[in-house]
Amino acid sequence: MKKIIRAILTIILCLGVTTMSAQAAENGLTAKEKSMVSISALAGAGDLPNLEKALENGLQNGLTVNEIKELLVQVYAYAGFPRSLNGLQTFSALLDKRKAQGIEDVMGKEASPMPKNKTSLEFGTENQTNLFKREVKGGLYDFAPMIDYCLKAHLFGDLFQRDVLTWKDRELMTVGILAGVGNVNPQLMAHLTTCHKISGWTKEQLFSYVDVIRESLGEETARNVQSLVEQVVQK
């Protein structure tokens, strides 16, 4: 009888673990989203050998060529043109190699033409305000007006206006890039807060993001990112 009871308890325990694992997978990031974080982080860090592997995984996990190109272009806004250009070169070489192997990757949708009724600055000002739920002005932006223009016109106008990726995707990519850049906790904290409170990323998804950072960039970077995520979700 005791053996039967132990067997039943074992089955119940296994079912419970399976259920919790399924719920964790459901509540966390999808394989496609994890690839977006990994690619962003490695491109931001400039780790090209591991970036190539992440790019290949991303294609296998459902990212299109145009989605990945869009991601790597956005890297320039947070990590600079060298990181972006090196990432794009790595991706281009990978696509050539895959094509030589007879692999035809899905190109995906192109960005819709930008309407001509507003300038990039006007679009960017609106997009930034809508994203952060407030007008961003004063302080540093009065001290250096040109950086305010670049953020609004180039990042939130020219890039965020493109519809290859959603704003939610772009914010997830941003926290990936910033983790890769490192030593930018104020900006990383601000964008993690935006991901959670405004863009709709759940607590489970943010901790799943930490797991991807750990796999991509190592334990030290992951510990820093996790401490920021914990602060965000506790608030």
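This is a predicted model: local features need pLDDT of at least 70, side-chain atom pairs count only at pLDDT 80 or more; totals for chains, interfaces and linings use all residues.
Let me start with the overall build. The chain has 12 helices and zero strands. Read from the N terminus, the elements run α-α-α-α-α-α-α-α-α-α-α-α. The chain holds 235 residues, and 38% of them are buried. Now the contacts. Residues 24 or more positions apart account for 70% of them.

Next, the pockets. Why roll a probe over a model at all? Because a probe the size of a water molecule, rolled over the atoms, shows where empty space is left.

The largest pocket comes to a volume of about 630 Å³. Its lining is made of 21 residues. Nearest the centre of this pocket lie Tyr78, Tyr141, Leu151, Gln187 and His191. Find those five on the structure and you have found the spot.

Which helices build the lining? At least two residues each come from helix 4 (65-79), helix 6 (120-132), helix 7 (140-143), helix 8 (145-159) and helix 10 (185-198). Helix 8 gives the most, with six residues.

On to the second largest pocket. About 230 Å³ of space lies there. It is lined by 13 residues, and closest to its centre are Ser38, Ala54, Asn57, Glu215 and Ser216. Helix 2 (31-45), helix 3 (48-60) and helix 11 (203-217) each supply at least two residues of this lining. Helix 2 has the largest share, five residues. By class, the lining of the second largest pocket counts four nonpolar, six polar and three charged residues.

How many salt bridges does a search of the whole structure find? The answer is 12.

Pair one is Glu70 with Arg162. Their closest N and O atoms are 2.6 Å apart. Where do the two partners sit? Glu70 lies in helix 4, while Arg162 is in the loop between helix 8 and helix 9 (167-181). The pair therefore ties together parts that are 92 residues apart in sequence. Is Glu70 buried or exposed? Glu70 is buried, because its relative accessible area is 5%, and buried means under 20%. Arg162 has a relative accessible area of 33%, so Arg162 is partly exposed.

Pair two is Glu126 with Lys118. Their side chains meet in a salt bridge at 2.6 Å, N to O. Glu126 is partly exposed, at 35% relative accessible area. Lys118 is partly exposed, at 28%.

Glu135 has a relative accessible area of 49%, so it counts as partly exposed. Lys137 is at 61%, and therefore counts as exposed. The cut-off between these two classes is 50%.

How many disulfides does the count give? It comes to zero. Why zero? Because a disulfide needs a pair of cysteine sulfur atoms within 2.5 Å, and by this rule the count finds none. Cys150 counts as partly exposed because its relative accessibility is 25%. Cys195 is at 0%, so Cys195 is buried.

Last stop, Asn130. Asn130 lies in helix 6. Asn130 is partly exposed, with a relative accessible area of 45%. Now look across to Ile198. Asn130 and Ile198 are 68 residues apart in sequence. In space, C-alpha to C-alpha, the two are 9.8 Å apart.

To recap. The chain has 12 helices and zero strands. The largest pocket, at about 630 Å³, takes six lining residues from helix 8. Among the 12 salt bridges, the one between Glu70 and Arg162 ties together parts 92 residues apart in sequence.

Notes
Residues are numbered from 1 along each chain as its sequence is written. Side-chain values use heavy atoms; hydrogens and water are left out. Buried means under 20% relative accessible area, exposed over 50%, partly exposed in between (1.4 Å probe, protein chains only). On a 1 Å grid over the protein atoms alone, a cavity is a set of points where a 1.4 Å probe fits but cannot get out, and a pocket is an open set with protein on both sides within 12 Å along at least five of seven lines; lining residues have an atom within 4 Å of a point. Grid points are joined across faces, edges and corners, and a volume is the space filled by probe spheres set on the points. Helices (H or I, at least four residues) and strands (E, at least two) are DSSP runs, numbered from the N terminus. Ala, Val, Leu, Ile, Met, Phe, Trp, Tyr, Cys and Pro count as nonpolar, Asp, Glu, Lys and Arg as charged, and the others, Gly among them, as polar. A salt bridge is a side-chain nitrogen of Lys or Arg within 4 Å of a carboxyl oxygen of Asp or Glu. Contact means heavy atoms within 4.5 Å.
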